[in-house]
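This note sets out a few points on the structure shown below. They may be read alongside the sequence and the coordinates.

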Amino acid sequence: MNFFDWDFALKILPRLLDASLKTIGITLAGFSIAIVLGLFLAVGRRSRQPWLSWPVTGVIEFIRSTPLLIQVYFLFFVLPNFGVNLSALQAGIAGIALHYACYTAEVYRAGLDAVPRAQWEAVTALNMKPLTAYRKVILPQALRPIMPALGNYLISMLKDTPVLSAITVVEIMQRAKNIGSEHFRYLEPITMVGLFFLILSLGLAWLVRRLENRMELAR
């Protein structure tokens with residue numbers, strides 16, 4: 001039976017921590033894009049203009065109905081055939097951002113639909129510009145109830161970053177596998193990666209709850 005080797009764990013810890021920075025960077029970059037793009041997709045899907053709402057709906061449903069792995073494969077291996085060359089990191093961030101943008105779009109749509117009709121009528125009656133109406137009236141009301149769902153997708157995105165190792169992105173999981181193959185010992189690196197995801201997921205959940213509380217106090 002193989003027991004946990006603490007000396008080996010301490011030896012490989014710096015390499016795992018270095019890779020963890022890339023994992024965190026991918027998550028933050030991807031989620032930053034996803035929450036902005038998701039909002040635009042949600043607004044497009046709610047549009048009364050069929051020429052806009054139908055294509056946006058088709059894109060959202062297509063992305064949500066296909067695996068993230070296939071999407072990042074397409075971006076990294078297929079797009080170069082059409083003259084679009086992305087590095088592994090660029091393809092990984094773009095893929096995970098687009099994937100989760102389609103999920104956050106549905107969350108935004110639910111939040112926007114939950115805003116009382118009277119609020120929409122009020123901004124129309126006041127002849128407010130659409131951007132101003134969304135920024136000052138609609139979005140503040142729509143965001144509060146959907147914060148838990150957005151937080152859940154942030155954590156899910158973090159846990160999905162190992163998928164990007166399939167296109168040679170060396171995030172923390174890929175680094176752990178490399179260490180395991182170099183030393184023929186997987187117990188320590190895989191266990192440490194599991195603890196990394198556990199600790200960071202709990203930390204993100206705590207931050208999301210703090211943000212929810214602050215938004216409630218600001219009401």
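1. Helices here are DSSP runs of H or I with at least four residues, numbered from the N terminus. The model under review is a predicted one. With that convention, Leu-211 falls within helix 8, which covers residues 187-217.

2. On secondary structure, the chain holds 8 helices and 0 strands. Followed along the sequence, the pattern reads α-α-α-α-α-α-α-α.

3. On overall dimensions, a box of roughly 70 × 50 × 25 Å, taken along the principal axes, is filled by the C-alpha atoms of the chain.

4. On burial and surface, the chain has 219 residues, of which 39% count as buried. The accessible surface of the chain amounts to about 12,800 Å², and carbon and sulfur atoms contribute 66% of that surface.

5. On charge, 21 positive and 13 negative side chains are present in the chain. The centres of these two sets are 10 Å apart.

6. On the largest pocket, its space comes to about 630 Å³. The lining of this pocket consists of 20 residues, and those closest to the pocket centre are Arg-46, Arg-48, Trp-120, Thr-124 and Tyr-134. Two or more lining residues come from each of helix 1 (6-46), helix 4 (88-114), helix 5 (117-125) and helix 6 (130-160). Which element gives the largest share of the lining? That element is helix 5, with 5 residues.

7. In sequence, Leu-211 is 155 residues away from Val-56, and the C-alpha atoms of the two lie 30 Å apart in space.

8. On Ala-29, this residue belongs to helix 1. The relative accessible area of Ala-29 is 27%, and therefore Ala-29 is partly exposed as well. Along the chain, Ala-29 and Ile-96 are 67 residues apart, while a distance of 9.6 Å separates their C-alpha atoms.

9. In summary, the predicted model describes a chain with 8 helices and 0 strands.

Notes: Residues are numbered from 1 along each chain as its sequence is written. This is a predicted model: local features need pLDDT of at least 70, side-chain atom pairs count only at pLDDT 80 or more; totals for chains, interfaces and linings use all residues. Side-chain values use heavy atoms; hydrogens and water are left out. Buried means under 20% relative accessible area, exposed over 50%, partly exposed in between (1.4 Å probe, protein chains only). Accessible areas come from the Shrake-Rupley method with a 1.4 Å probe; for residues, only the protein chains shown count as cover. Lys and Arg count as positive and Asp and Glu as negative; His and the chain ends are not counted. The place of a charge is taken as NZ of Lys, CZ of Arg, CG of Asp or CD of Glu. On a 1 Å grid over the protein atoms alone, a cavity is a set of points where a 1.4 Å probe fits but cannot get out, and a pocket is an open set with protein on both sides within 12 Å along at least five of seven lines; lining residues have an atom within 4 Å of a point. Grid points are joined across faces, edges and corners, and a volume is the space filled by probe spheres set on the points.
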